[in-house]
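Please read them alongside the coordinates.

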Amino acid sequence: MTQSDLPTIISMNSFQSEPAALKHAMQSAVNRVIESGWYVLGYEGIEFERIWASRCALDHAIGVGNGMDAIEIILRSLGIGEGDEVITTPMTAFATVLAILRSGATPVLADIDQATGHISLESVQRCLTKKTKAIIYVHLYGQIGPMDLWAKFCNQNNVLLIEDCAQAHLATLNGKVAGSYGIAGAYSFYPTKNLGALGDGGMIVTNDHSIDVLSRQLRNYGQSIRYHHPVIGMNSRLDEIQAAILIERNKWLDQFTESRRDIAQQYITSFTNTKIRLLAPPSERSEHVYHLFVILSRERDRLSEYLAQRQIQSLIHYPVPIHLQESCKDIKCDPAGLGNAEEYAQTCLSLPCHPQMQPNDVSRVIKAINEFK
Ligand SMILES: *Cc1c(COP(=O)(O)O)cnc(C)c1O
């Protein structure tokens, strides 16, 4: 086969093929900021915070530099640090755990539920100690967890619930959005997220007034009023260009999320190959925003190579659970071990599922998966 005979590659993301109207709107937004002459902590940031708080139906949204900082700042706003334990999952972006470490607190990893890839309640119970201050629930792949249950569990055990919403933009359970079940939620606007900037960005969402006040100080050198620093803070601000870009991209988010759901639904109904297994589907369409569409296969590596030969990209989220990372060898874990996470890491595979995919791309993925022998 010559180069020209090969079908075009189906990638995990395709920002180049986004609608021209969106690209033009982003260009005008950038121009708007350039002409304003104001680039950090200004009108665009305040406007996007207002929009995102309203989208989450929460009182406060605080723009920060990225999703990882959002988690660290939430922890620090709550006074969680040295000597405190925070439980989370080993099957997440490294940033979740890094944020805990950076706050000074001790991360404790619980095992996962094989059916969803999410943190397991049973394992978390084994991880609770007198030092446990919070649980960070990661709405992995875009599926909101059973948050009524988790909120109740955290309440009963007197620990705070924090939500890592970096993959779950506006996933909704019983009319409530990801980030509104716990004391606070952390969003990321890294370019590949469902709502992404053209660089780094993040947001804290909460109904808690003191988190609002403290996190605004912490993101800006611990400053309260100009040149007064009551706390030791950091530099983590959402800049005006990224906020302006996000205001425009937010207008497309619902439509893009619907496209992701349509593609996922086609995959779910059309995959017939018994060499692959699907994760537990959500009970309502609104509960999953399909940041990633993940399948499981005992022959994962061979499947991924086979897809690449057919010009279909795939990725692994995540190939190395946190406790097996070289920098985390001594990390505290469920005393019963993290066997599910270890096995899961060997079998999970993420398939292309993004809003710029064409019907023909979706059919090609389905055909390839079903013809895998
Ligand atoms: C992307 C991501 C983060 C970190 O967000 P950044 O903006 O890249 O710092 C945290 N948690 C999860 C689950 C993520 O997917």
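1. Basis. This is a predicted model, in which local features need pLDDT of at least 70 and side-chain atom pairs count only at pLDDT 80 or more, while totals for chains, interfaces and linings use all residues. Residues are numbered from 1 along each chain as its sequence is written, and side-chain values use heavy atoms, with hydrogens and water left out.

2. A polar side-chain atom of Lys 193 is 2.6 Å from a ligand oxygen, and an N or O atom in the side chain of Asp 164 lies 2.7 Å from a ligand nitrogen. A polar backbone atom of Met 68 is 2.9 Å from an oxygen atom of the ligand. On its own the ligand has 380 Å² of accessible area, and the protein covers 90% of this (Shrake-Rupley method, 1.4 Å probe).

3. Helix H3. Helices are DSSP runs of H or I with at least four residues, and strands are runs of E with at least two, numbered from the N terminus. H3 spans residues 67-77, and nine of its 11 residues are buried (under 20% relative accessible area, 1.4 Å probe, protein chains only). Among them are Gly 67, Asp 69 and Glu 72. At the N-terminal end, Asn 66 caps H3, with a side-chain oxygen 3.1 Å from the backbone nitrogen of Met 68. Gly 79, which follows H3, has a positive phi, near 75°.

4. Thr 206. This residue is found in strand S9 (residues 202-206). Thr 206 counts as buried because its relative accessibility is 1%. A polar atom of the Thr 206 side chain lies 2.7 Å from the backbone oxygen of Ile 183.

5. Tyr 137. Strand S4 (residues 132-138) contains Tyr 137. Tyr 137 counts as buried because its relative accessibility is 1%. Tyr 137 and Trp 150 are 13 residues apart in sequence, and their C-alpha atoms are 8.5 Å apart in space.

Definitions and conventions. Buried < 20%, exposed > 50% of the residue type's maximum accessible area, 1.4 Å probe, protein only. Polar contact = N/O pair within 3.5 Å; in protein donor to acceptor, adjacent residues only side chain to side chain.
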